[in-house]
Amino acid sequence: MPYKIGVYVCHCGTNIAGMVNVEEVADFARGIPGVTLSRTYKFMCSDPGQALLQEDIRKNGLDAVVVAACSPLMHERTFRRAAQEAGLNPFLVQIANIREQCSWVTEGKGAATEKAKALVAAAVRRAREHQPLEMRRVEITPSALVVGGGIAGIQAALDLADAGVQVVLVEREPSIGGHMAMFDKTFPTLDCAACILTPKMVAAGSHPNIKLMTWSEVEEVSGFVGNFKVKIRRKAGYVDHDKCTGCGLCIEKCPYKADSEFEQGLAKRKAIYLPFAQAVPNKPIIDKNACAYLKNGKCRVCVKFCEAAAIDFTQQDRVEEVTVGTIVLATGFQAMDGRRIPELGYGRLPGVYSALEFERLNNAAGPTNGVIQTRDGRAPRSVAILHCTGSRDENHHRYCSRVCCMYALKYAHLLREKLPEARVYNFYIDMRCFGKGYEEFYKRLQEEGVRFVRGKGAQVWGGAEWKAMVPAAAVPEGLEDHQLVVVAEDSLLQQVLHVPVDMVVLTPAFEPRFDAEEVGRRFLVSRGADGFFLEQHPKLAPVSTTNEGVFIAGACQGPKDIPDTVAQGSAAASKALSLITRKEIEIEATTAHVQDELCSGCRTCIGLCPYNAITFDEARKRAAVNDALCKGCGTCVAACPSSAILARHFGDRQIFSEIEGLLSL
Amino acid sequence: MPAATPFLEVADALKEYGAHDLDLCYQCSTCTGSCPWSFVEPLNIRRLIRLAQLGLPGYEGEDLWKCTTCASCQVRCPRGVAIVDLVRSTRAMIGETGLIPQSLRSALGSVKGEGNPWNGKREERNAWTESAGIPRFDPKKHEYLLSACCMPSYDKRSRRIADALWKVLQAGGVRAGVLGPEESCCGEAVRKIGDEGTFTSLGKSNAAAFEKAGVRKVIALSPHCYHTFKNEYAAFGVKVEVHHASEIMQRLIFEGKLKPHKKLDRTVTWHDPCYLGRHNDIFDAPRAVLSALPGVTFREMFRHKKQSLCCGGGGGRMWMETKRGERFSDLRLPEAMAVGASVLATGCPYCVNMFEDSRLGLEREDAIQVRDLAELVAETL
Ligand SMILES: Cc1cc2nc3c(=O)[nH]c(=O)nc-3n(C[C@H](O)[C@H](O)[C@H](O)COP(=O)(O)OP(=O)(O)OC[C@H]3O[C@@H](n4cnc5c(N)ncnc54)[C@H](O)[C@@H]3O)c2cc1C
Ligand code: SF4
Ligand code: SF4
Ligand code: SF4
Ligand code: SF4
């Protein structure tokens, strides 16, 4: 049991010393049994601070140290490493958090100093109970799983594959590409989305180091950093892609149709289909809900025409298992359903479009070949683009979706370009043009004659409805029944506007994917209050997660544009790569341990372990914890009815001593 | 416009009066654009809020009294600002300086003196209940207190609603009674006008009356009373279960205690009263009742549920003159007719009153009928 403890009280500049009387705390510590020396220092985490600690360990033979400083999240590693270098087992370092939990949150110097003393007393008592523990090292499998084949996942997969890492890229849809594949142009440079995306898609599809699994989903993840075991469901697509040559004859001949998901329901596709022309892989799948043969046993037209004999109606879902060292999650976002704001008429008024519908309407490869027209085929003479549909809104999503202001500008430009006669209005609350070249793009649109109205589009009504609802004086001259009226206050004018238009485009908020919760649970990645995956640190670890070895990239982490998404894709790849190139890593020493003589063989713990780390030895009728899998969460420790499981570093004695220390003042 | 200097003490004072959310507003204009006035002669509520945020003159201007407290703005506000509370608090603050519009003063005087805003005598409050044979509430005999609003006591049209409701309750076997002249106006409008003092004394006196009579459950005829008992009387220690008449009728029909059987053969639309719908989220009960009435074809108006158009009578506007051409109720009847309705049904005596008034202005007064839900139900019995 350590009894030569050194205590170090950090000033942290004035962060701690401004509120806590550090000298008084150090004097107090000196009087706690077991403490042989106690010091204060301006910045313990600095090199001289660490050297001080190391010198004391060496000279005075300290057998434990307590550092009263900031949160262990910040510097526990630093001090553990310093101690280790000086020959002290790192688990004999205990942190007393007198900054976040004391100086920053306590009012009054006296109270803060007293609290700091209590925290130091607790840490010292706990340190007296510490045992040296050994970190273990495991090898890292030099391969990666990338989940989601949008631009984020494609970028991450390519970067990893180019560095020689074997990558499995899993995409739920029949093709990779994600949302970006739906766009015609991208802001602010207006470069053609397909021109910059397609080469990357093709590269990902043909890279020798990438195994592409489209129409697939991850079903189960077990294992741990370095050795994740992943089960992937390969959904039956009824076309043998090894045989298929991608000639497309089957698609041409198939007599059955369904709404195209990719075209947002604005066009039909066949029952055997490619979601879009540049799809990767460029081989079709069969939609079992639309195929007449799969539904009621009649047709087989595709079989007749397929020269490669690639159609295989006997195909079943199958599950493939892979082992990878690291994982990149890049599952992206979904757009909010505009019907959640009935005041804007989406889904009820045919002239109201969602942004993604407009993307397809404007796309040269889209349902109208890029001709912007209303559902009844008229060229709109006036269009209103309403910003912030469900964003920055307590009733829907509190956050700003970050890209809608910009793509709203993009739309305004495309409209002005394609329909120079058309009047274009942007109804906005604030213009958020934060990126490189974005403000300039805004100015360009003003030069192009777009009307910017500062005021949120509050209501949209059909022309016929409007006439039945308001006094004759409030009906704009020449309003036609099939038109729309946008009601908004121009806050700069301080006047309500009734704006008759032919088309309204909404900018629905970015949302976490509908299954983000489930996916998060599967990969043990937590989510923020907004529902997006949570990074380990918003500034310093933006693509890491609290599950070691699992990284996040792109819009699954929060709304973002393509430049930021690509940057994160590369960042996640580099993080994954740096892990892989280390070849082996240290893993938790603070695992659980079943005390054989106490285990009654009840198996309570086995089902509870979130990491499947406990196995049952049938011969001896005892549970055993697999050290490599255990994360030390403590669930089993608390649940075991025989109190047979010990948590290393978090034993009863350690915790009770800490509590006694806290209460000792 | 001359330069102005912010006077934040005013903003601070408003917050003391209950405008807690004042600073949350980010000036998006959704409120002004959602306000029913935006269809006629816009009320710029956003601007009032802006002026109040900086304590600049104008926040207390004439526009402040146009607000009907309908909450069309509030349910849309992206920042979740309780706009109706801002209006109420602002009125309360300036009300203390005596700046309440002339037309509201007589209603206030009547409430203070006689416990109702209709210049009726307190002794006459129960004349109608006596002639209708409605018993005084007795906790041993009655499950519910019927709280019928001040209006039926002094207004003939409203009295028809109350009579109908009593008929329905009896048919459904509901054991209910009324209070005597000790009952006063619930104070909803008084509070919205900004007279907190009078509201508090009304609340206290009603709380005492409830307590003395041993009231546990209340059926409110008016959504305004319903709202106030339910959401605001806790401050006076009132802990009663409150139901709106439409909820009771829905339950009676659902439980089979009330069997509407006479055919109506009419196309009916429902006008959601602000204080039933937007303020209290009761949208389905009245629609369920209508769908259970034989011979009723139901049509929804364009502006329905959360988007319902205010009748114009809330927030004290009942007692203020609104110019022809600016009355919301004048817009509502043509909208109802446009969807093919021959009956505009609703569930609030203020709404009925406003619509009946507008009906008289129609080219053909009989082009549409205005009915309270209870009246329609009573017709089928
Ligand atoms: C209307 C609109 C216009 C835009 N215009 C522009 C623009 O002009 N310029 C610009 O810079 N940005 C634009 N953006 C933003 C751009 O769309 C995003 O930055 C980008 O798509 C994010 O890429 P991602 O890969 O993170 O996500 P996504 O594009 O959403 O891709 C995610 C992929 O993961 C797949 N997936 C999801 N869940 C799973 C799962 N469980 N298993 C397997 N696969 C899964 C999906 O099928 C999808 O292929 C626009 C956004 C919208 C909504
Ligand atoms: S980017 Fe613009 S339109 Fe989109 S939510 Fe943010 S402010 Fe609103
Ligand atoms: S502490 Fe127990 S429950 Fe938690 S991971 Fe380890 S073995 Fe599983
Ligand atoms: S809707 Fe809300 S945030 Fe927007 S201007 Fe009105 S009060 Fe302010
Ligand atoms: S409460 Fe109604 S009347 Fe008052 S400002 Fe809001 S929307 Fe307009």
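Which residues of chain B are the closest to ligand 4? The legends below start there. This is a predicted model, in which local features need pLDDT of at least 70, side-chain atom pairs count only at pLDDT 80 or more, and totals for chains, interfaces and linings use all residues. Residues are numbered from 1 along each chain as its sequence is written, chains are lettered from A and ligands numbered from 1 in the order in which they are written, and side-chain values use heavy atoms, leaving out hydrogens and water.

**View 1. The shell around ligand 4.** The closest residues are B:Cys25, B:Cys28, B:Ser29, B:Cys31 and B:Cys77, from a shell of 13 (a residue belongs if one of its heavy atoms lies within 4 Å of the ligand). Helices α2 (30-34) and α3 (45-54) of chain B each give at least two residues to this shell; helices here are DSSP runs of H or I, at least four residues, and strands are runs of E, at least two, numbered from the N terminus. By class, the shell has 8 nonpolar, 3 polar and 2 charged residues (Ala, Val, Leu, Ile, Met, Phe, Trp, Tyr, Cys and Pro count as nonpolar, Asp, Glu, Lys and Arg as charged, and the others, Gly among them, as polar).

**View 2. The shell around ligand 5.** Here you will find, among others, B:Cys35, B:Cys67, B:Cys70 and B:Cys73, along with B:Pro36 and B:Leu43. The classes are 8 nonpolar, 3 polar and no charged residues.

**View 3. Where chain B meets chain A.** On each side, 29 residues are in contact, meaning heavy atoms within 4.5 Å. The buried area is about 2,400 Å², with carbon and sulfur atoms giving 53%; this is the accessible area (1.4 Å probe) that the two parts lose on being put together, summed over both. B:Phe39, B:Arg76 and B:Gln307 supply 26% of what chain B buries against chain A, more than any other three residues.

**View 4. A salt bridge across the interface.** A:Glu489 pairs with B:Arg46, their closest N and O atoms lying 2.7 Å apart. The rule (a side-chain nitrogen of Lys or Arg within 4 Å of a carboxyl oxygen of Asp or Glu) finds 2 salt bridges between these chains.

View 5. B:His244 is buried, with a relative accessible area of 2% (buried means under 20%, exposed over 50%, partly exposed in between, with a 1.4 Å probe and protein chains only). Its side chain reaches the backbone oxygen of B:Leu221 at 3.2 Å and that of B:Gly347 at 3.2 Å.

Notes. A polar contact is a pair of N or O atoms within 3.5 Å; within protein, one must be able to donate a hydrogen and the other to accept it, and residues adjacent in sequence count only if both atoms are side-chain atoms.
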